[in-house]
Amino acid sequence: MSLQKEISKRRTFGIISHPDAGKTTLTEKLLLFGGAIQEAGAVKSNKIKKGATSDFMEIERQRGISVATSVLAFNYRDKKINILDTPGHKDFAEDTFRTLTAVDSVIVVIDVAKGVEEQTEKLVEVCRMRNIPMIVFINKLDREGKDAFDLLDEVEQKLGLRVTPLSFPIGMGYDFKGIYNIWEKNINLFSGDSRKNIEETIAFDDVESPELDELIGEAHAESLRENLELTYEVYPDFDRDAYLKGELQPVFFGSALNNFGVRELLDCFIELAPAPRPKQSNTRLVDPNEEAFSGFVFKIHANMDPKHRDRLAFIKIVSGTFERNKPYLHVRNKKKLKFSSPNAFFAEKKEIVDISYAGDIVGLHDTGNFKIGDTLTEGEEMLFKGIPSFSPEHFRYINNADPMKSKQLEKGIDQLMDEGVAQLFTLELNGRKIIGTVGALQYEVIQYRLEHEYGAKCTYENFPVFKACWIEPEDPKNEEYQEFLRVKQKFLAKDKKGQLVFLADSPFSIDMAKQKYPSVKLHYVSEYK
Ligand code: GDP
């Protein structure tokens, strides 16, 4: 098959949601359709459960699962589908943000009763910034929830999206009758039996037909007609170009648990969702159909076996094909590397493959060469843009608790930071090291892993910082900037790349700094240009 044909078959996407909205359940049903798994319950939830186990055991369990579910691939019809796992827990939000740099589109899952929740807002904002095409799936229609129109309003307002429903629910909760599929013009009747649901689709080109009354009862038929009329009046017609540009989001309703509305979602998804998209590098826009391979690291996973310090680096192939044993240029290191056992992913298994195509993810064994964001090419010196760091929410000094092991500690911290577990800042004033994280859980992860993988011990000390702001001076020589540096000396640090940050202790001090030094721009994201 030609390169172009292979690439155009690929659909690489992520499912994002607030925890408990139904991401795992939906993923599993999608895999069932692909024939990739045989039974429900096969996809493990990567959720962090609070309770019985101590946290670090939970973290280890989670790490195991997160390797297994990092990429779930399957074939459906003539498409190759790659689902990238995006942790919903807020302490792992950075992971999810980075994964979103490797997807070509996303599905947003929303709980019909809870509506738009906090994590959904944050993740969708990132997708909006990147104009990632989004499809919204409103889940749990078998339960009582919010009115469909109210929910659509909420999605528009809270998520800043422009939506158009491509399906519409008939009833809800105990009175849930089914779904009218606006896209395919048919009705899927809900029987509560997930095996039957797949078959029972009845074509309805004309909802005015009296047969509708017979099928779902007069009251439901009437209200469906009214709702559809309103829908056509209020919402724009679906326009694929607008969807692909991230300017319009189609909405589907269903119940993942009952496998209801999932086939409709999947069928529509493979028709609408984009094949691998071009990606910007520092020198040019790279097209997926170019013959020459290029790709970037969006995730690094440490091996579960503490005796082996090898890691799995996840590469999104941006263009061409990735071949086993072929030398590629690691652009940052200016080194040629060959990989004898690249992993490809299929359902929950990973296997060694000879060739992978743009859109696919390969897992490469790495002994410490890679950092998140690294670019591999066939020789061209370019770097892919766009794996930003966000300001952490928590900050602590990290101290060495075993002076005999300071080398190990340094190495451990270095590698964990390359993996993107947390961010390291070094104070300008005295060189003390500060670890910044999105969630408090990461401190336990770091302490545990330093000890078990590197034989080093650390302690933490609170450091009252509100946010890290990356500093962009209008002109590094101007007096205002120099004064800013002098006055804020105690609060300045460098990140791992050597960029200067202002560690602000409160929202107030950020506001003050902005007022007093208007020419010094402060950013919550490391890549602001
Ligand atoms: P995740 O945290 O987003 O991955 O959510 P899960 O897929 O683990 O689902 C959270 C809970 O919601 C589980 O108990 C599911 O069984 C349940 N759930 C998922 N989909 C549905 C649905 O369509 N209807 C109902 N009633 N429950 C659902």
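1. A residue counts as buried here if 20 or more other C-beta atoms lie within 10 Å of its own, as exposed if 12 or fewer do, and as partly exposed in between, with C-beta atoms placed from the backbone. By that rule, buried residues make up 43% of the 529 residues in the protein chain. Please keep in mind that this is a predicted model: local features need pLDDT of at least 70, side-chain atom pairs count only at pLDDT 80 or more, and totals for chains, interfaces and linings use all residues. Residues are numbered from 1 along each chain as its sequence is written.

2. On the overall make-up, the protein chain has 15 helices and 31 strands; these are DSSP runs numbered from the N terminus, helices being H or I with at least four residues and strands E with at least two. Of the contacts in the chain with a separation of 6 or more, 72% are between residues 24 or more positions apart. A contact is a pair of residues whose C-beta atoms, placed from the backbone, lie within 7 Å.

3. Now to the ligand. It is surrounded by 19 residues, and K23, T24, T25, S255 and L257 are the closest; a residue is near if its C-beta atom, placed from the backbone, lies within 6 Å. Helix α2 (residues 23–33) gives the most to this shell, with three residues. Sorted by class, the shell has four nonpolar, nine polar and six charged residues, where Ala, Val, Leu, Ile, Met, Phe, Trp, Tyr, Cys and Pro count as nonpolar, Asp, Glu, Lys and Arg as charged, and the others, Gly among them, as polar.

4. Next, a seven-stranded sheet. It is open, with mixed pairing and the order β2-β3-β1-β4-β5-β11-β6; two strands pair if DSSP finds at least two bridges between them. Its edge strands, β2 (71–76) and β6 (163–165), each pair on one side only. The twist from one strand to the next averages 25°. Three bridges link β6 in the parallel sense to strand β11 (residues 249–253), and V163 has Q249 in β11 as its bridge partner. Across β4 (105–111), β5 (134–139), β6 and β11 lies helix α6 (residues 148–159), running at about 155° to β6. Angles run from 0 to 180 degrees between N-to-C directions, and axes are lines fitted to C-alpha atoms, for helices over the stretch in contact.

5. There is also an open, antiparallel sheet of four strands, ordered β7-β8-β9-β10. Because β7 (167–170) and β10 (201–203) stand at the edges with a single partner strand each, one side of each is left without a neighbour in the sheet. Strand β8 (residues 178–181) and strand β9 (residues 186–189) run antiparallel and are joined by four bridges; I179 has N188 in β9 as its bridge partner. Helix α9 (residues 218–234) packs on this sheet, touching β7 and β8, and its direction makes about 150° with that of β7.

6. The largest nonpolar core has 99 residues, of which V106, V108, V136, F137, V297 and I315 touch the most other members. Such a core is a set of buried Ala, Val, Leu, Ile, Met, Phe, Trp, Tyr and Cys residues joined through C-beta atoms within 7 Å. Strand β15 (residues 311–319) supplies the largest share, six residues. Apart from this core lies another, of 32 residues, including V421, Y454, A456 and A513.

7. Finally, F502 sits in strand β30 (residues 500–504). F502 is buried because 22 other C-beta atoms lie within 10 Å. Leaving out residues up to four places away in sequence, F502 touches C469, I471, K488, F491, L492, A513 and L522.

How values were computed: Contact = placed C-beta atoms within 7 Å.
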